[in-house]
Amino acid sequence: AAKAYTGSKQTATVAENEGYTVVTNEGGTDVGEYDVVLKLSDETKYEWATPDADDATKVTLKFAVTKATNEITVLTLDGWIFGEEANTPTATAKFGTPTFTYGATADGEFSETVPTAAGNYFVKATVAATANYDGAEKTAEFKIARANATLTTAPQAVAKLVYTGEALNLVTAGVANGGTMQYKLGADGIWSSDIPMATNAGEYTVYYKVLGDDSH
């Protein structure tokens with residue numbers, strides 16, 4: 001009987017019989033056919049129905065190592081936070097060494113480029129087919145989480161403002177990393193990237209925030 005490729009050398013399993021002895025059964029590792037030669041143990045008692053042409057006491061059979069099915073049993077990739085070093089996927093295949101590609105969807109295009117923007121992605125482990133075993137694929141989802149935006153420079157109230165009859169900026173502009181500064185004048189004001197202004201003398205309250213971008 002044939003045996004599937006295992007990566008190790010295999011030989012035919014030949015049943016014991018008083019009518020013959022096994023003289024050749026070296027087998028092999030790779031997919032292919034290998035000779036199994038049986039020789040009569042007693043030519044006076046036995047004969048082969050289809051002996052070898054050059055020696056009627058022997059018969060040569062073919063033992064086959066067949067192509068193995070393949071499977072990637074494990075594929076994992078821990079997500080990370082935007083800006084951090086990307087984690088490395090790990091995969092276990094029945095045969096072969098997996099290579100990795102990345103895509104935005106499970107059934108879309110994949111490439112070797114590791115994504116960097118925040119979002120949900122898929123990693124694919126692939127083992128190419130060889131003469132000895134089939135190819136295999138497996139996908140897994142992972143996430144690059146948004147990082148926290150940071151306020152590099154907070155807005156400051158403009159000091160010693162004096163009525164001039166014209167609208168004046170009430171605060172200095174803030175600076176943010178990973179987002180856009182927004183302001184509003186008073187609790188009921190409307191958020192905007194414009195610096196709040198006022199004309200009349202009085203006290204004003206300016207609120208500010210950082211509106212995160214796609215990765216913050």
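**Entry 1. Aromatic residues**

I began with the rings and found that Trp80, Tyr102, Tyr121 and Phe142 form one aromatic cluster. I note at the outset that this is a predicted model. The count of aromatic pairs comes to 7.

I looked up Tyr5 and Phe95 as one of these pairs: their ring centres lie 5.3 Å apart with 50° between the planes, and the pair is tilted. Tyr5 sits in the loop between strand 1 and strand 2, and Phe95 in the loop between strand 7 (90–93) and strand 8, so the pair ties together parts that are 90 residues apart in sequence. I then checked the accessibility of each partner. Tyr5 has a relative accessible area of 12% and is buried. Phe95, at 11% relative accessibility, also counts as buried.

I turned next to Trp80 and Phe142. Their ring centres are 5.5 Å apart and their planes stand at 20°, so I recorded the pair as stacked. Trp80 belongs to strand 6 and Phe142 to strand 10, and the pair links distant parts of the chain, 62 residues apart. I found both Trp80 and Phe142 buried.

**Entry 2. Nonpolar cores**

Which residues have the most contacts inside the largest nonpolar core? I found them to be Val123 and Phe142, in a core of 27 residues. I listed the elements that give two or more residues to this core: strand 3 (32–40), strand 4 (58–66), strand 5 (72–76), strand 9 (119–127) and strand 10 (136–145).

I also recorded a second, separate core of 5 residues, which includes Leu170, Val171, Tyr183 and Ala198.

I then followed Val123 through its contacts, leaving aside its neighbours within four places in sequence. Among them I noted Leu75, Leu77, Pro89, Phe100, Tyr102, Phe110, Ala140 and Phe142. The list also includes Thr101, Lys138 and Thr139. Tyr102 and Phe142, both in contact with Val123, are members of the aromatic cluster noted above.

I traced an open sheet of 4 strands in the order 1-4-3-2, and its pairing is mixed. Strand 1 and strand 2 (20–24) stand at the edges with a single partner strand each, so one side of each is left without a neighbour in the sheet.

I went through the pairings in the order of the sheet. Strand 1 (residues 3–4) pairs with strand 4 in the parallel sense over 2 bridges, and I found Lys3 opposite Val65 in strand 4. Strand 4 and strand 3 run antiparallel and are joined by 8 bridges; here Asp35 stands opposite Lys62 in strand 4. Strand 3 in turn pairs with strand 2 in the antiparallel sense over 4 bridges, with Lys39 in strand 3 as the bridge partner of Thr21.

I found strand 9 and strand 10 antiparallel and joined by 9 bridges. Phe122 stands opposite Glu141 in strand 10, and Gly119 stands opposite Ile144 in strand 10. Strand 8 and strand 9 are also antiparallel, with 5 bridges between them; the bridge partner of Phe100 in strand 9 is Ala125.

**Entry 3. The chain as a whole**

The secondary structure of the protein chain comes to 0 helices and 16 strands.

How does the radius of gyration of the protein chain stand against a compact globule of 216 residues? I noted 38 Å for the chain, whereas such a globule would have a value near 17 Å. The C-alpha trace spans about 130 × 25 × 20 Å along its principal axes.

I recorded 28% of the 216 residues as buried. The accessible surface of the protein chain comes to about 13700 Å², and 48% of this belongs to carbon and sulfur atoms. Finally, among contacts between residues at least 6 apart in sequence, 50% join residues at least 24 apart.

Note on methods
Residues numbered from 1 in each chain as written. Predicted model: local features only at pLDDT ≥ 70, side-chain atom pairs only at ≥ 80, totals over all residues. Heavy atoms only, no water. Core = buried A, V, L, I, M, F, W, Y, C linked by side-chain atoms within 4.5 Å. Buried < 20%, exposed > 50% of the residue type's maximum accessible area, 1.4 Å probe, protein only. Contact = heavy atoms within 4.5 Å. Pairing = 2+ DSSP bridges. Rg over C-alpha atoms; globule rule 2.2 N^0.38 Å. Areas by Shrake-Rupley, 256 points an atom, 1.4 Å probe, with all protein chains shown as cover. Phe/Tyr/Trp six-rings, centres within 6.5 Å; stacked < 30°, edge-to-face > 60°.
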